[in-house]
Amino acid sequence: MSRYLQPGSAATNYMETCSGGFVAMDEPTLEQMGRAELIEYLQSRGIACYDDESTELLRECAIEDFRNEPINY
């Protein structure tokens with residue numbers, strides 16, 4: 001999933017996935033992602049997504065997850 005962001009850009013955090021890998025992420029990227037990308041990202045983080053959840057709810061969940069992860073530089 002590293003295709004979403006250029007590592008090292010402003011406010012980048014490296015988020016651990018369920019598979020033990022890491023993905024570079026930042027809030028502007030989360031705000032621009034489409035529904036399918038949000039679902040892929042959230043599921044990689046171990047968060048269940050359901051068809052009846054709005055894209056905005058998924059986005060809010062992804063941003064909350066990002067903000068609650070300690071920054072690792």
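**View 1. Ser54 and its contact with Leu57.** The side chain of Ser54 reaches the backbone nitrogen of Leu57 at 3.0 Å, a polar contact here being a pair of N or O atoms within 3.5 Å, where within protein one must be able to donate a hydrogen and the other to accept it, and residues adjacent in sequence count only if both atoms are side-chain atoms. This is a predicted model, where local features need pLDDT of at least 70 and side-chain atom pairs count only at pLDDT 80 or more, while totals for chains, interfaces and linings use all residues. Residues are numbered from 1 along each chain as its sequence is written, and side-chain values use heavy atoms, with hydrogens and water left out.

**View 2. Where Ser54 sits.** Look for Ser54 in the loop between α2 and α3 (helices are DSSP runs of H or I, at least four residues, and strands are runs of E, at least two, numbered from the N terminus). Ser54 is partly exposed, at 39% relative accessible area (buried is under 20%, exposed over 50%, partly exposed in between, with a 1.4 Å probe and protein chains only). Arg35 lies 19 residues away from Ser54 in sequence, with 8.7 Å between their C-alphas.

**View 3. Ser44 in helix α2.** Ser44 belongs to α2, residues 35–44, and is buried, with a relative accessible area of 15%. Its side chain reaches back to the backbone oxygen of Tyr41 at 2.6 Å.

**View 4. The largest nonpolar core.** Tyr41 turns up again here, among the residues with the most contacts inside this 13-residue core, including Met15, Met25 and Leu42. β2 (22–25), α2 and α3 (55–68) each give two or more residues to this core, and α3 gives the most, with four. Such a core is a set of buried Ala, Val, Leu, Ile, Met, Phe, Trp, Tyr and Cys residues joined through side-chain atoms within 4.5 Å.
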